[in-house]
Structures are given as structure tokens and as C-alpha cells.
Amino acid sequence: MAGPDPTFAELIVAVGSVPAVTDMRIIKDKNSSQAMRFIDLFAGIGGMRLGFERAGCMCVFSSEWNRYAAATYERNFGSAPDGDITTIPSDQIPNHDILVGGFPCQPFSISGVSKKSSLGRPHGFDDPTQGTLFFEIVRIIREKRPRAFLLENVKNLVHHDKGRTYRVILDTLEDELGYFVPDPQVIDAQAVVPQHRERIYIVGFRDPVPFDFPRIPRRRPDLKDLLEKGVPEKYNLSRKLWNYLQRYAEKHREAGNGFGFGIADPEGITRTLSARYYKDGSEILISRGKGKTPRRLTPRECARLMGFPDSFEIPVSDTQAYKQFGNSVVVPVVEEIARRMVGALASEDKLQPQRRMKQLPLIAASR
């Protein structure tokens, strides 16, 4: 009798050998009548969808406004996501068990807030476009009443506007919508991929259920196992750019701060891959040896660093691919949370409703 399918994280461990059977090909039958139905909002290229499908769920609706991300999504999932969620009435969204949404993080990220502040532009909930998209999630939850939701954002969401933004979010989910929200948690993906990437995950349930965030044991591959062989020269930094980055780093060292490039340890973990990676790749550079300029990661290496399988197709330019993976989620982390959510919803045990003080999220210990 065949054993159970490997988890996504187990497959990632083998990525250095480029496994012949990858996650895009072993997803369970999504048409099962017993599968929990979910919708994928602010879908990007489908990282959240991959995690939930690996947990046995079925996607019944997706929305993504960026045409390049939508093209990647359609290539890999066979259907184009609907466009701008603000233009889609709630009655056109199918009923679903779980709402999934990595709502736009730039208004709350450290870099996003710094950039907008320097330009005198609003950020967070004052942002007239992206910052208000959280309330599109609220609109859909209020009208569709899913059994559960998973929201993802940058760690800095907790501290934005001295914590007021975070409290508004929890107050809205708990007090206005009436959902049971276990203490949100910041999880560092370095347990399953060789990348330091902290993101906050907010889980909510229509009815109180027994739920704990997963403690993810370390099972990441080494960075060197994710690197491609025979990388084209176009990924090598020019001598001019390399000299500039070294001068820039020295300038900031003398000023007493830590801005600068990062040469990745092939047996360690990288800095966080960002959507600006296409500009110069400075946060994650790969050494090519003494006397040679370092190189950027390739788009495929970025995909692996985010936990995407090698069967995931990249139909866009390198610039768009860097933006897409830098904006995405680490798939094995989402899968672990999705499995816990499915288990909680399947349980017949109920917790008594309880109102809590709005706390800062627990910080997952490094593993």
C-alpha cells in the first residue's frame, strides 16, 4: 500500500536535486465534493493557493489586479484570476469555507512607510488606495460569512502608527465581525527555506475552535542546494555596479548604520527577498570567488527560496519575476498553517467564546 504524499516542505528539502515529481503535479483532486472551499484574494502568483491546495482545499475564486502576476497565475493554475476586488460585488463571489488574503503590505512595511513619509504621502489606513483594501476583506467576510480566514502581512504591521493600525484590524475582525481570532503570530520562514523572512499571520474562525499555530521543525535545505549550475553571465554584477555597492556600504558603515549589500552564506540563510530585488540584487548576492564580481539570484533560485516547486512556470521577464517572488509568501509556511486550520474546522470540539485584550502577536522562536 502506498504511503502518504510528501508534504510541500519535504519536497523542498530535495530541491537541490531538482525532483522529477514536484508539487504542482501531485496536488489532490481539487474537484472533491468534500474539499474545503477557499477564495484567494490579492492572489499575486498563487503562493497562498499552493499552500491551501496542498492541504486538500479547493480554490473557487481568485482576484489579482496586476496583469503580470495574473499572467503567471493563469499559466500555473489554468484560469485567470478576476481583476480589481474593489469592482467585484460580494454577490458575485462564490460561497466558501475559508477566505485567504495577503492584503497589500507596502502601506505597512518599513520601506513602504519610509518612502511614502519622505514624499509627504499618506500610508497605512490613510493610503487612499492600497491601505483601504483591508476593508474589502471586511466587506466580503461580513456578507459571505466564511467559516474561517487567513490574512498575511509584513511584521511591521504590528508597530505601524504606534500599534493603532493593528488594534483597528483586530477590533474590526473580533468586535465588528464577531470572529474568534487566536493570538496572531509572526513566523520566520527560515525553518523551511534558507531565508530570514518574518511575516504576521492572522487566523480567524466564525465559531470558536481549538487552534494553535504550528511549531515548524527545521527541515530547510542549504542555500547551496538551491543554486543553479551554469548560470548565464547576465546575472553577474558589472564591475561598475559592484564598485558602487561597496562604496555605498562603506559610506553607511562610517555613519554607523548597517545599510549595504549582503553576500549570502551558501550554508546559511539569506536576508529577506524583497520586491526591489530587480534593481541591483544587493540584499542577496552570490559569491563567484576571489577577484570576480558576485551575481544576483536567478528567478528560478528566487522561486526555490520562496518554496515554489520547479514545476512552477515563470512566463514573465526577469524584472517582473523578481517583483512577483519578492511579494509572494513562503509556500511551506502557508501549507502548515492551512493544515492546522483544516484540522480545526474538522474538529467537533468547541471552545467557549471569549473576548481578549488585543495583544501583540507571539514571535515564533528561531529553530
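**Figure 1. Overall composition of the predicted model.** The model shown is predicted. Its protein chain holds 12 helices and seven strands. Of its 367 residues, 54% count as buried. Among the contacts in the protein chain with a separation of 6 or more, 71% are made by residues 24 or more positions apart.

**Figure 2. Helix α6 and its surroundings.** This view presents a helix that is mostly covered, since eight of the 11 residues of α6 are buried. The buried residues of α6 are Phe134, Glu136, Ile137, Val138, Arg139, Ile140, Ile141 and Lys144. They pack against strands β1, β3 and β4 and against α7 (164-176). Arginine 145 follows α6 and has a positive phi, near 50°.

**Figure 3. Two residues with positive phi.** Most residues other than glycine have a negative phi. Arginine 145, although not a glycine, has a positive phi of about 50°. Arginine 145 is placed in the loop between α6 and β4 (148-154). Its relative accessible area is 30%, which lies between the limits of 20% and 50%, so arginine 145 is partly exposed. Phenylalanine 42 likewise shows a positive phi, near 50°, and is a residue other than glycine. The loop between β1 (37-41) and α3 (47-54) contains phenylalanine 42. Because its relative accessible area of 13% is under 20%, phenylalanine 42 is buried.

Figure 4. The structure holds 13 aromatic pairs. One of them is formed by phenylalanine 103 and phenylalanine 134, whose rings are tilted, with 5.6 Å from centre to centre and 50° between the planes. This pair links distant parts of the chain, 31 residues apart: phenylalanine 103 lies in the loop between β3 (98-101) and α5 (110-118), and phenylalanine 134 belongs to helix α6 (residues 134-144). Phenylalanine 103 counts as buried because its relative accessibility is 2%, and phenylalanine 134 counts as buried because its relative accessibility is 0%. Ring pairs join Phe103, Phe134 and Phe135 into a cluster.

**Figure 5. An edge-to-face pair of phenylalanine rings.** The ring centres of phenylalanine 308 and phenylalanine 312 are 4.7 Å apart. Their planes meet at 65°, over the limit of 60, so the pair is edge-to-face. Phenylalanine 308 and phenylalanine 312 are both buried.

**Figure 6. A charged side chain over an aromatic ring.** The residues shown are lysine 323 and tyrosine 278. The charged end of lysine 323 sits over the ring of tyrosine 278, at 4.8 Å from the ring centre.

**Figure 7. The setting of glutamate 301.** Glutamate 301 is part of helix α10 (residues 299-305). With a relative accessible area of 2%, under the limit of 20%, glutamate 301 is therefore buried.

Notes. Residues numbered from 1 in each chain as written. Predicted model: local features only at pLDDT ≥ 70, side-chain atom pairs only at ≥ 80, totals over all residues. Heavy atoms only, no water. Helix = DSSP H or I, 4+ residues; strand = E, 2+ residues; numbered from the N terminus. Buried < 20%, exposed > 50% of the residue type's maximum accessible area, 1.4 Å probe, protein only. Phe/Tyr/Trp six-rings, centres within 6.5 Å; stacked < 30°, edge-to-face > 60°. Lys NZ or Arg CZ within 6 Å of the ring centre and 35° of its normal. Contact = heavy atoms within 4.5 Å.
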